[in-house]
Amino acid sequence: MSDRPCVLKAGCPSRELLARICDKWTALVVRSLARRTLRYNELQREVAGISQKMLTQTLRALEEDGVIARKVYPVIPPMVEYSLTPLGRTLVKPLCVICEWAEHYLWQIEAHRKVCRRSRAALRRI
């Protein structure tokens, strides 16, 4: 028996990591930081629709995982910058590919959803 992590195993801690990586806010934050180092307010503007609470939670979790680095400058008011760590940079390509896939296939997915909803509605009428 192997102790190798496997996301298909119920108790494997890799599932928690997979959930973090697959979170939409994680993907958007990583994609934004792939371009350059950003301050908190710049990130909030860049990731349209993210609440202050969700951005803070996402940044804290990614920092805890070693995916992003948080740099605090000793100035008044405090200035904080966020950037990807070398580990975080390894996520850029796979997450960008997923984001591009979502953008590219959006119309096909929406068309399938529409057909599926119509079929369900027709079945309910029977």
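This is a predicted model: local features need pLDDT of at least 70, side-chain atom pairs count only at pLDDT 80 or more; totals for chains, interfaces and linings use all residues.
Arg89 sits in helix H5, which covers residues 86–125.

Which residues does Arg89 touch, once its neighbours within four places in sequence are left aside? They are Leu33, Ala34 and Leu84. For Ala34 there is a further detail: a polar atom of the Arg89 side chain lies 3.5 Å from the backbone oxygen of Ala34.

Arg89 and Arg117 are 28 residues apart along the chain, and 39 Å separates their C-alpha atoms.

I turn now to the largest pocket, which holds about 280 Å³ of space. Which elements give two or more residues to its lining? They are helix H3, residues 40–46, helix H4, residues 52–64, and strand E3, residues 79–84. Of these, H4 gives the most, with 4 residues.

As you can follow on the structure, the residues lining this pocket are Arg39, Tyr40, Asn41, Thr56, Leu59, Arg60, Glu63, Arg70, Pro78, Met79, Val80 and Tyr82. How does that lining divide by class? There are 6 nonpolar, 2 polar and 4 charged residues.

To close, I return to the two topics together. Arg89, in helix H5, is in contact with residues including Leu33 and Leu84, while the lining of the largest pocket draws two or more residues from each of H3, H4 and E3.

Technical notes:
Residues are numbered from 1 along each chain as its sequence is written. Side-chain values use heavy atoms; hydrogens and water are left out. On a 1 Å grid over the protein atoms alone, a cavity is a set of points where a 1.4 Å probe fits but cannot get out, and a pocket is an open set with protein on both sides within 12 Å along at least five of seven lines; lining residues have an atom within 4 Å of a point. Grid points are joined across faces, edges and corners, and a volume is the space filled by probe spheres set on the points. Ala, Val, Leu, Ile, Met, Phe, Trp, Tyr, Cys and Pro count as nonpolar, Asp, Glu, Lys and Arg as charged, and the others, Gly among them, as polar. Contact means heavy atoms within 4.5 Å. A polar contact is a pair of N or O atoms within 3.5 Å; within protein, one must be able to donate a hydrogen and the other to accept it, and residues adjacent in sequence count only if both atoms are side-chain atoms.
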